[in-house]
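These are my notebook entries on one structure, kept in the order in which I looked things up.

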Amino acid sequence: MKIKNWLMVSHLVVMLLPVVAVYLLYVSLQNYNQEEDLKEYLEFQKLVSDLDSELNDASLYKRVGDERYQQLQKLGNASLRVDLYRYDGVQLFSTMEPEAIFTMQKSQDTLLENLNEMQKKVRTYSYKKSVFDEDKQLAGIYEITQGREAWVETTNQNMLIMLISSGVIFILLYAIVITAINRKLNRPMNQLQEHMQAFADGKEMDKKLIQSRDEIGELNTHFEKMKNQIIETREALVKKQKEKEYMIAALSHDLKTPLTVVRTYTEALEDYDLTKEDRAEYQTILHDKLEHMKQMIDDLSIFTALQSSKNTLQSVQVNGNEFFEMLFSGYEEPCARKDIRLTTEWAVRNAYELDPKQMIRLVDNLMDNSIRYTPQRKQIWLAAVASTKSLPDWIFPSFKEEVNRWREAGTVILIQNEGKGMEESQLEKVFEPFYQDNASRGKGATSGLGLSIAKIIMENHKGKINIWSSENEGTLFVCWIKERG
């Protein structure tokens, strides 16, 4: 439940529950009091009925100080009072003051008021009845008054019980509300605060955050998401830093050899005894090493530029057949110089959105890598195939089924070469910056950035690149590009 709704319901419960509880308690006590009241009323009726046989004697009201008053005195007690009045209002007897001589006279109106009626008051029940003689003349009136001490005491006890119960209900409700608030708000907020502090201090909490369906649960979810994003960003920064350190170390290592060669041959050219042929050979070597160093620096500049921004694409719409015909041209000569047979083909769609310059560099880097690792008198295949076309038959059978699944819904550029292939451990690292196998390291064959640049180019085009290789058979590079709808 949302905290807003929970607070509204809690507030309503806190307001209504004490009222309902007190009302129910009051009703139950009232019912109990009514039962006790009825019980007392019936008991008083029975008392009046029992005393009526003695008090309904006209001779008791003839003279003051009748001897039978002494017997009536025994009827009285702390809660029962019997009063006798003569017809003219003179009080003849009272169990409360039996020795007193009553000369006091009540008026007829007062004496006859509420006659023959049961009178219930807060603390007493009373009953007055007229007594007639044989001639049907009014002889006197008796009044019976019964105290309600038990009822009053019970009422006071009930009132005390109600007050105590109301206090207990209030305290219990207060404790429940405090516990609920602590469980609903304080505990989750404190836990979140602890997690935030621990994350700020770089510590890991053993307990996981409570994932509830309220606003705090949403806050916990957002915090976990933010935390994971920060951790991923930190890891990415650490990885970037390590890559930079590795790049600097690799570049320093790869530049060291050609620089040493340049220094050595530059010093050798200072020897005036060199023949013209040796001088020309040294100058050629220097030129090749300087070109290699320039290529390494160019590759590093391109790699850095591609990494720094994802908005370097200058995509244009190109005609599929014309573009891939242009893209695949120009590789016959370098293949022929190494006695490598090149096969090219394409079966593509009419139009694509891409950056021609980057695609040219992509294929240049992949073809350069394939030519370098293809032995003489072996083959290289270069092709582009749309998603609606079948893969070429020359793809190595061990790759074909997997490549067919991988290329779904896109056009693929295929570059396959015969050769010794690559080990599984090499396939996992081949797209890392400055990665070179042990055979190529330090020989000046490559900068180690070509395949990394190819991967970045494909990512910038929202595509993907993969490699399949089989030892003693060959290697296949596949680049997937999105087709226009």
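I began with Gly330, which is exposed, with a relative accessible area of 54%. I use buried for under 20% relative accessible area, exposed for over 50%, and partly exposed for what lies in between (1.4 Å probe, protein chains only). Gly330 lies in the loop between helix H7 (320–327) and helix H8 (332–337). Helices (H or I, at least four residues) and strands (E, at least two) are DSSP runs, numbered from the N terminus. I also looked up the separation of Gly330 and Asp364: 34 residues in sequence and 9.8 Å in space, C-alpha to C-alpha.

I note that this is a predicted model, in which local features need pLDDT of at least 70 and side-chain atom pairs count only at pLDDT 80 or more, while totals for chains, interfaces and linings use all residues. Residues are numbered from 1 along each chain as its sequence is written, and side-chain values use heavy atoms, with hydrogens and water left out.

Next entry: the sheet with antiparallel pairing. I read the strand order of this open, five-stranded sheet as S2-S1-S5-S4-S3. Strand S2 (91–94) and strand S3 (118–120) are the edge strands; each has a single partner strand, so one side of each is left without a neighbour in the sheet. Neighbouring strands here are turned by 15° against each other on average, direction ignored. Strand S1 (residues 80–86) pairs with S2 in the antiparallel sense over three bridges; I count strands as paired if DSSP finds at least two bridges between them. Asp83 stands opposite Ser94 in S2.

Beyond its neighbours within four places in sequence, Glu143 is in contact (heavy atoms within 4.5 Å) with residues including Arg81, Asp83, Lys106 and Lys128.

I then turned to the sheet with mixed pairing. This open sheet of five strands has the order S7-S9-S10-S12-S11. Strand S7 (341–347) and strand S11 (464–470) stand at its edges with a single partner strand each, so one side of each lacks a neighbour in the sheet. Strand S10 (residues 410–418) and strand S12 (residues 474–482) run antiparallel and are joined by nine bridges. Ile413 stands opposite Cys479 in S12. Helix H10 (residues 397–406) lies across S10, S11 and S12, and runs at about 165° to S11. Axes are lines fitted to C-alpha atoms, for helices over the stretch in contact, and angles run from 0 to 180 degrees between N-to-C directions.

Helix packing followed. Helix H9 (residues 356–372) and helix H12 (residues 450–460) pack at about 145°, with axes 9 Å apart. Among the residues that meet are Leu362 and Leu366 in H9 and Leu451 and Ala454 in H12. The residues of this contact divide into seven nonpolar, five polar and one charged.

Last entry: the cores. A nonpolar core is a set of buried Ala, Val, Leu, Ile, Met, Phe, Trp, Tyr and Cys residues joined through side-chain atoms within 4.5 Å. Which of the 44 residues in the largest nonpolar core touch the most other members? I list Phe324, Leu362, Leu366, Met367 and Ile413. A second, separate core of 20 residues includes Tyr61, Phe93, Val131 and Ala139.

Methods: Nonpolar A, V, L, I, M, F, W, Y, C, P; charged D, E, K, R; others polar.
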